[in-house]
Amino acid sequence: KQAGKKGNKKASVKQKKLNKKPAKKVKKEVQEVEIDLGKVNPVAASIVMVTFALMALLLLSGTKAFAYSNSIRNATRYFNSHRYTQAYEELYGLDIKDEDAEIFNKVQTVMYVNKQLNSYNNYYAVAKYPEALDSLLKGLKRYEKYIELAIMYGIESDLDYVRGQILAELESKYNLSEDKAMQMIALEDETEYSKQVYDIINNLGK
């Protein structure tokens, strides 16, 4: 029995020593994470870029074409309703195509005279009456210069319409008849012309 006890005791001590042995270190292996950088085909990428560029170009061209056509339509509509300044503004800055040269020439010809009527309105609004009168008289003079061109384009009635507005303003604002106005624009002496303009202005309040 004693021998058995001693044997059991030794076995117990041995087991305790085994339990006290440090655990084997587990070697940790760090695995590199595989990074997929991807593979882009340069040719395919170029095709995509060119395709997008062409689509953008087509979209821009389509937008410009629509804007151009819209401006031509508006200009024609304004011109036919005697709104010459608005028609001119629609055409301003456009690269006019050959098929639209007719409406452009019509608008431009009328505006040679109508611009003077616009100047008159601007001067009169700020009480610059001599300059306003001068603009009206210059409008009559330009009418005489461009009436033949207007006849050629078939817009004599349009130029006559603007002339009628000028004569109406001369009569109502300056008490100036058509005959007197025509005499004044025929003057070659600028000093005499200026004198008559200021005489008319000075006599308005009398």
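**Reading a helical model**

Analyst: Within H6, the buried residues are Asp 158, Leu 159, Val 162, Arg 163, Ile 166, Leu 167, Leu 170 and Tyr 174. Buried means under 20% relative accessible area, exposed over 50%, and partly exposed in between, with a 1.4 Å probe and protein chains only. The model is predicted: local features need pLDDT of at least 70, side-chain atom pairs count only at pLDDT 80 or more, and totals for chains, interfaces and linings use all residues. Residues are numbered from 1 along each chain as its sequence is written, and side-chain values use heavy atoms, with hydrogens and water left out.

User: How many helices and strands does the protein have?

Analyst: Helices (H or I, at least four residues) and strands (E, at least two) are DSSP runs, numbered from the N terminus. Here there are 8 helices and 0 strands. Buried residues account for 26% of the 206 residues in the protein.

User: What span does helix H6 reach from its first C-alpha to its last?

Analyst: The expected span of a helix is 1.5 Å times one less than its number of residues. Helix H6 (residues 156-174) has 19 residues and reaches 26 Å, close to the 27 Å expected. Just after H6, Asn 175 adopts a positive phi of about 50°.

User: How many aromatic pairs does the structure hold?

Analyst: Rings of Phe, Tyr and Trp (its six-membered ring) pair if their centres lie within 6.5 Å; planes under 30 degrees apart count as stacked, over 60 as edge-to-face and the rest as tilted. The structure holds 6 such pairs. In one of them, Tyr 120 and Tyr 124 have ring centres 5.6 Å apart and planes at 45°, so this pair is tilted.

User: Where do Tyr 120 and Tyr 124 lie in helix H4?

Analyst: They are 4 residues apart in helix H4 (residues 101-125), and therefore separated by about one helical turn. Tyr 120 is buried, at 1% relative accessible area, whereas Tyr 124 is partly exposed, at 28%. Tyr 124 also forms an edge-to-face pair with Tyr 129, at 5.0 Å centre to centre and 65° between the planes. Tyr 129 is partly exposed, with 32% relative accessibility. Elsewhere, ring pairs link Phe 79, Tyr 84 and Tyr 161 into a cluster.

User: Which ring does the charged end of Arg 77 sit over?

Analyst: A charge sits over a ring if NZ of Lys or CZ of Arg is within 6 Å of the ring centre and within 35 degrees of the ring normal. The charged end of Arg 77 is placed over Tyr 78, 5.0 Å from the ring centre. Arg 163, one of the buried residues of H6, lies over the face of Tyr 143, at 5.0 Å from the ring centre.
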